[in-house]
Amino acid sequence: GINAEYMGSIEVVSGGITNLLFKVSHISQQPKNPPLLVRVFGAEGMIDRDLENATFQALSDVGISPTYYGRFRNGRVEGWYEGYRPLDLHEMPLVAESLAKEMALLHKFVVPEALKPYYIKPGMWEQLWAWFKLAKQNTEISGKFTESDQIRFQHLREQYLGEGFSKAEAEVREMEAALSNHPAPDCFCHNDLLAGNIMINEKTRAIKLIDFEYGGCNYRGFDIANHWNEWAGGTQIEMNGKAEYHRFPNDQQQMEFCSSYLSVIIPNGRPTEQQILALVQEARRFVLINHWYWGLWAINQAVEEGTNGFDYITYADTRLKQYYSIKQAFL
């Protein structure tokens, strides 16, 4: 454990909306006693923490995630990336090439034998339908919301979800049918590459990925589409649920991202334009379903956590509104 002699200081780390994060520094500040990150889990019941810890340790063993020091009942102790800070939203396009390569390295990660039974098939649909079922059941909100929150939540349900979630189910089924027409490669994915989960070194501009708690086997196109949607933000504390979709990568930026990604995946490191274009199209097919994925997550978080710490109702509204507004362009 971390004894009292170790702790020179404890700082609250900003950036996480589901976990509490603390930087614990040794009193000596010497290299042999590096700072640690203590993570106290939130979103209980929505994430299998035993599996997530074992996976984090495997990623740590191959240098993809921070060092794994151990766990406690509702959290974990990790290495601290000294000299790194979370990416600011406006920097997403500036580090796209490096980030694409880091994502590709993650996608090449081979899951250890002991964990393979848990990562047999892409988890997107199973997770989405589980969240869908939970959101459909989460109708009793009167005790958790203010009156204005109840009105906003009701409006969200009427406008985007329909009576008994009928509208939502029809939309998701349509996406399921459209995606089934296009076989998509799967791999180990991060599934949550927003700005706060990308660390940048102030001096070297090197990139590190953190927070793999939603990681698992998934479609690689989903992971790329998810990241592109995160260029718009929304989960930053100051944005409080409002994403800015004018930031979404344009056609040229999508091509450049996929080119960098494929330079790590393809043996000779030189993808053809045809290969790049095929990956762009593969990723774009997942942009729409990604809005439902996080829209449903936000609905459940709103019911579970309320809206005091973060406005999950606004975030759900933002994601689903964007889905309907771009649907024709991306189908």
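At what angle do the axes of helix H6 and helix H9 cross? The views below belong to a predicted model, in which local features need pLDDT of at least 70, side-chain atom pairs count only at pLDDT 80 or more, and totals for chains, interfaces and linings use all residues. Residues are numbered from 1 along each chain as its sequence is written, and side-chain values use heavy atoms, with hydrogens and water left out.

**View 1. The crossing of helices H6 and H9.** The axes of H6 (residues 220-230) and H9 (residues 287-305) come within 9 Å and cross at roughly 70°, which makes H6 roughly perpendicular to H9 (a word used for angles of 65 to 115 degrees). Helices here are DSSP runs of H or I with at least four residues, and strands are runs of E with at least two, numbered from the N terminus.

**View 2. Residues where H6 meets H9.** Phe 222, Ala 225, Asn 226 and Asn 229 in H6 are in contact (heavy atoms within 4.5 Å) with residues of H9 including Val 287, Ile 289, Tyr 293 and Trp 294.

View 3. Five of the five residues of E3 (residues 36-40) are buried (under 20% relative accessible area, with a 1.4 Å probe and protein chains only), so the strand is largely enclosed by the rest of the structure. Leu 36, Val 38 and Val 40 point one way from E3, whereas Leu 37 and Arg 39 point the other way. Five bridges join E3 to the antiparallel strand E2 (residues 20-26), where Leu 21 has Arg 39 of E3 as its bridge partner. Five bridges also join E3 to the antiparallel strand E5 (residues 75-79), in which Gly 79 is the bridge partner of Leu 36.

Key:
Axes are lines fitted to C-alpha atoms, for helices over the stretch in contact, and angles run from 0 to 180 degrees between N-to-C directions. Angles under 35 degrees count as roughly parallel, over 145 as roughly antiparallel, 65 to 115 as roughly perpendicular and the rest as oblique. Buried means under 20% relative accessible area, exposed over 50%, partly exposed in between (1.4 Å probe, protein chains only). Two strands pair if DSSP finds at least two bridges between them.
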